[in-house]
Amino acid sequence: MTVRDILKMGDARLLRVAEPVPLFDTHELHDLIVDMRETMAAVHGAGLAAPQIGVNLQLVIFGSTAENPRYPNRPLVPQTVLINPVITPLGADEEEDWEGCLSVPGLRGVVPRWSRIRYTGFNEKGQPIDRTVDGFHARVVQHECDHLIGKLYPMRVRDFTRFGFTEVLFPGISEAQDD
Ligand code: NI
């Protein structure tokens with residue numbers, strides 16, 4: 001399969017509202033997910049949304065391993081394929097933390113997100129997913145699902161004194177070149 005090009009902020013395709021996936025467990029869907037996994041692994045991403053490779057479908061993948069150099073010291077998030085997701089915030093609490101995005105290379109910013117959410121959707125076989133999560137897991141899901149409504153994390157930044165180049169904000173982070 002293929003490592004695909006990741007669209008960068010400024011590309012109008014990143015601003016679209018994605019369409020629901022109409023059919024599960026098809027060859028096309030499995031091939032797309034293989035490409036997304038290879039693309040995400042090639043750049044050490046923690047998540048990738050189909051619109052980031054120009055496919056306007058409600059499909060995101062995410063998950064972290066202990067070895068991910070872009071997100072050291074972060075809790076593990078299970079490797080997940082999430083299709084046609086719905087996010088429900090649980091409570092009004094928000095928390096702030098740094099985010100980066102493969103479509104916004106070289107930059108990081110502090111983004112407020114719901115602290116605790118429930119998310120539902122389907123995996124690639126059409127089996128339902130229903131999870132209640134918080135912290136980094138909740139942040140990753142909110143970031144990825146924002147790509148499905150044409151939102152990139154800089155659009156969520158409220159305090160631009162905490163937005164800038166990774167190499168300046170976090171000197172010594174080795175992966176700054178491919179963030
Ligand atoms: Ni992103």
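**Entry 1. His44**

I began with His44, which I found in the loop between helix H1 (27–42) and strand S1 (47–49). Helices are DSSP runs of H or I with at least four residues, strands are runs of E with at least two, and both are numbered from the N terminus. I noted that the model is a predicted one, in which local features need pLDDT of at least 70 and side-chain atom pairs count only at pLDDT 80 or more, while totals for chains, interfaces and linings use all residues. Residues are numbered from 1 along each chain as its sequence is written, and side-chain values use heavy atoms, with hydrogens and water left out.

I looked up the backbone of His44 and read a phi near 55°, a positive value in a residue other than glycine.

**Entry 2. Asn84**

I then turned to Asn84 in strand S3. Its phi is near 50°, again positive in a residue other than glycine. Is Asn84 buried or exposed? Its relative accessibility is 17%, so Asn84 counts as buried.

I recorded that the side chain of Asn84 reaches the backbone nitrogen of Val21 at 2.8 Å. Such a polar contact is a pair of N or O atoms within 3.5 Å; within protein, one must be able to donate a hydrogen and the other to accept it, and residues adjacent in sequence count only if both atoms are side-chain atoms. Not counting residues up to four places away in sequence, Asn84 touches Pro20, Val21, Phe24, Gln58, Thr120, Gly121 and Phe122. Contact here means heavy atoms within 4.5 Å.

**Entry 3. The nickel ion**

Which residues coordinate the nickel ion? I found Cys101 through SG, and His143 and His147 each through NE2, at 2.1 to 2.3 Å. Donors are N, O and S atoms within 2.8 Å of the metal (3.2 Å for Na, K and Ca), and water is not among the atoms, so sites may look incomplete. Along the chain the donors follow the spacing C-x41-H-x3-H. Cys101 lies in the loop between strand S4 (94–99) and S5, and His147 in the loop between H2 and strand S8 (163–165); the pair is 46 residues apart and links distant parts of the chain.

**Entry 4. The largest pocket**

I looked up the largest pocket and read a volume of about 360 Å³. Of the 17 residues that line this pocket, the closest to its centre are Ile87, Gln142, Asp146, Ile149 and Arg156. Strand S3 (80–89), strand S5 (107–114) and helix H2 (135–146) are the elements that give two or more residues to the lining.

A pocket is an open set of points on a 1 Å grid over the protein atoms alone, where a 1.4 Å probe fits, with protein on both sides within 12 Å along at least five of seven lines; lining residues have an atom within 4 Å of a point. The volume is the space filled by probe spheres set on the points, which are joined across faces, edges and corners.

I sorted the lining into ten nonpolar, two polar and five charged residues. Ala, Val, Leu, Ile, Met, Phe, Trp, Tyr, Cys and Pro count as nonpolar, Asp, Glu, Lys and Arg as charged, and the others, Gly among them, as polar.

**Entry 5. Helix H2**

I followed helix H2 through Val141, Gln142 and Asp146. Val141 is buried at a relative accessible area of 0%. Beyond its neighbours within four places in sequence, Val141 contacts Phe62, Leu82, Ile87, Ile117 and Tyr119.

Gln142 is buried at 6%, and its side chain reaches the backbone oxygen of Ala138 at 3.0 Å. With neighbours within four places set aside, Gln142 contacts Ile87, Arg113, Trp114 and Ile117.

Asp146 has 7% relative accessibility and therefore counts as buried. Which side chains does the side chain of Asp146 meet in polar contacts? I found that of Arg113 at 2.8 Å and that of Arg156 at 2.8 Å. Outside four places in sequence, Asp146 is in contact with Arg113, Lys151 and Arg156.

Key: Buried < 20%, exposed > 50% of the residue type's maximum accessible area, 1.4 Å probe, protein only.
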